[in-house]
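Please read the report below alongside the sequence and the model.

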Amino acid sequence: MGRELPQVAAALVVVLMLCVVVRLPWAGDLGMHAATVQRFRHSLLHPGNPLVDADTPSPYHSPWMLLLGTVAKLTGLSVFVVLRLAALTGLGLLVTGVRRYVRTLSGHRAAPALAFLSLVFLWGPLLFNWSGFLGLNSLALTVSYPSVFALGLTFHFWAWLTRTVRGEVAWGACLGLGALWAVILLCHQFTGVVASLGGLATVLAARPARGALLRLGAGVLLGLLVLWLWPYYDFFALFSAGADLEAVHRPLYQHLVGRFGLVLLGVVALGFRLRRDHRDPLALFFLFGVLVFAAGGLTGHYSWGRALPAALIPAQLAAALEAVSAGRVLVRRGWACVLLAALAVGAWTQAGTLGYAVPRDALPGVVAAKYRTPWAGYQWIMRAGVRYGDVVMARRFPARQIPAYGPYTVAPGYPDFFLPDAGRREAAVERYFSPAAGAGERRGILREYGVKWVLGGSEAPWLRRTAVGPGGQVLYRVLS
């Protein structure tokens with residue numbers, strides 16, 4: 001495969017992502033991350049719950065969110081401008097991290113670009129979006145998330161660790177790696193698991209001496225100390241997460257062939273690598289990822305499915321590397337043709353991503369049909385008079401977006417096991433909007449949670465219609 005073609009294609013993907021950052025399409029968890037930056041912007045020491053008016057810790061209170069909140073506070077920039085800066089940082093870390101890590105696996109000039117293309121395109125014919133997963137469409141929707149930042153750090157972590165265990169294992173490097181490992185875990189816990197599995201595979205493949213293992217162990221202990229000392233939430237309490245977390249992640253075990261079928265090409269490549277080297281780091285990494293993912297499905301711990309990138313990433317990298325490292329020239333060329341065809345299928349599946357960078361009207365009809373319109377947001381309720389810290393009664397879908405602008409909602413739009421009365425709050429919202437609820441009961445709920453605004457529902461004497469938003473959504477002010 002020519003050196004220039006993969007590099008040009010990878011550069012075009014990066015340019016596309018830069019255009020996406022400018023528009024910053026809203027879907028998924030963007031509201032949660034924006035709300036977290038809002039809370040840090042107003043109080044760096046005591047941010048409180050990002051979504052509801054409660055003084056509770058949150059696993060979203062990470063070092064990265066703290067830094068972004070500090071930037072917002074010191075500069076006065078809006079939260080969404082800060083999130084664009086976060087997206088640029090995360091994308092830069094990811095691109096440079098992939099390049100550095102792949103350089104430890106292959107010296108071929110085209111290898112980093114091929115690896116990057118495989119990471120974003122080698123998925124399946126069925127579109128799949130989830131934070132922590134590097135498909136192009138998923139990356140476009142999550143580029144400002146902590147998961148992308150953590151993945152970028154993870155590739156740098158693997159590159160640093162690989163170079164460390166291959167050379168003189170110094171104390172400083174080991175302690176630095178331990179601290180970086182802890183930061184990744186604090187910023188995005190699921191990506192931290194992937195980073196850990198990749199790190200374990202790297203160490204086992206290198207077979208370092210006992211002294212080196214002791215220094216690496218000291219790095220692990222430092223990382224654990226950082227996790228224990230982090231003041232904003234109890235990292236180790238995450239191991240007792242409730243059933244809500246499992247229910248959310250159960251879809252990760254569905255439609256596996258449709259979503260990830262093209263990765264089978266990488267599984268074949270891993271077989272070739274394993275035959276050449278029985279301790280190949282990518283093969284070990286893949287094995288660990290498959291074991292954790294399978295264990296989650298068999299035991300009902302579906303949140304373990306978030307470790308699936310630990311199987312996908314090494315397979316995708318192996319597929320790319322085989323095109324430049326297979327023994328015979330004819331074999332390399334044949335493999336490159338197969339890889340190119342697979343990448344083309346993956347790119348076509350995700351062609352709708354172009355709609356996040358250019359107006360949909362500018363796209364060909366067949367591409368525009370693949371485009372999924374992002375969420376509109378709730379900036380309009382702020383123009384109608386809602387202020388930072390006001391409590392809004394809203395159903396789950398708007399509750400996933402409203403806190404991004406500063407208000408709170410009665411119930412969180414996302415599972416929150418650090419919030420002890422989350423179930424009671426959700427029941428209160430459901431009861432308020434139930435046709436069977438009486439006037440006295442509804443007014444009691446509004447008073448209990450200090451609600452100043454109601455989004456949706458029916459007219460009532462204690463409500464004053466204030467604004468009408470997209471889709472006919474009505475905002476009411478609660479009269480005292």
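In helix 2, Leu 30, Ala 34, Val 37, Gln 38 and Arg 41 meet Val 79, Phe 80, Val 82 and Leu 83 of helix 4; contact means heavy atoms within 4.5 Å. By class, this contact of helix 2 with helix 4 has 7 nonpolar, 1 polar and 1 charged residues. Ala, Val, Leu, Ile, Met, Phe, Trp, Tyr, Cys and Pro count as nonpolar, Asp, Glu, Lys and Arg as charged, and the others, Gly among them, as polar.

The model is predicted: local features need pLDDT of at least 70 and side-chain atom pairs count only at pLDDT 80 or more, while totals for chains, interfaces and linings use all residues. Residues are numbered from 1 along each chain as its sequence is written, and side-chain values use heavy atoms, with hydrogens and water left out.

Helices (H or I, at least four residues) and strands (E, at least two) are DSSP runs, numbered from the N terminus. The table lists the helix pairs; axes are lines fitted to C-alpha atoms, for helices over the stretch in contact, and angles run from 0 to 180 degrees between N-to-C directions.

| Helix pair | Angle | Axes |
|---|---|---|
| Helix 2 (residues 30–42) and helix 4 (residues 79–103) | about 110° | 10 Å apart |
| Helix 9 (residues 189–206) and helix 14 | roughly 140° | within 8 Å |
| Helix 14 (residues 281–299) and helix 15 (residues 309–325) | about 150° | 7 Å apart |

Angles under 35 degrees count as roughly parallel, over 145 as roughly antiparallel, 65 to 115 as roughly perpendicular and the rest as oblique. Helix 2 is therefore roughly perpendicular to helix 4, helix 9 is oblique to helix 14, and helix 14 and helix 15 are roughly antiparallel to each other.

A crossing is left-handed if the near helix is turned anticlockwise from the far one by less than a right angle, and right-handed if clockwise. Helix 2 and helix 4 cross in the right-handed sense, and the crossing of helix 9 and helix 14 is right-handed. Helix 14 passes helix 15 in a left-handed crossing.

Helix 14 takes part in two of the contacts described here. Towards helix 9, residues of helix 14 including Pro 281, Leu 284 and Phe 285 meet residues including Val 194, Leu 197 and Gly 198. That contact has 11 nonpolar, 2 polar and no charged residues. Towards helix 15, Leu 282, Phe 285, Phe 286, Gly 289 and Val 290 in helix 14 meet residues including Ala 310, Pro 314 and Leu 321. Here the division is 11 nonpolar, 1 polar and no charged.

An open sheet of 5 strands has mixed pairing and the order 2-1-3-5-4. Strand 2 (408–409) and strand 4 (463–468) stand at the edges with a single partner strand each, so one side of each is left without a neighbour in the sheet. Two strands pair if DSSP finds at least two bridges between them.

Strand 3 (residues 451–455) and strand 5 (residues 474–478) run antiparallel, joined by 3 bridges. Trp 453 has Arg 477 in strand 5 as its bridge partner. Strand 4 and strand 5 are also antiparallel, over 5 bridges, and Ala 467 stands opposite Leu 475 in strand 5. The hairpin of strand 4 and strand 5 has 5 residues between the strands, and Gly 471 takes a positive phi near 70° there.

How many salt bridges does the structure hold? There are 9, a salt bridge being a side-chain nitrogen of Lys or Arg within 4 Å of a carboxyl oxygen of Asp or Glu. One of them joins Lys 452 to Asp 390, with the closest N and O atoms 3.6 Å apart. Lys 452 lies in strand 3 and Asp 390 in the loop between helix 18 (379–383) and strand 1 (391–393), 62 residues apart, and the pair links distant parts of the chain.
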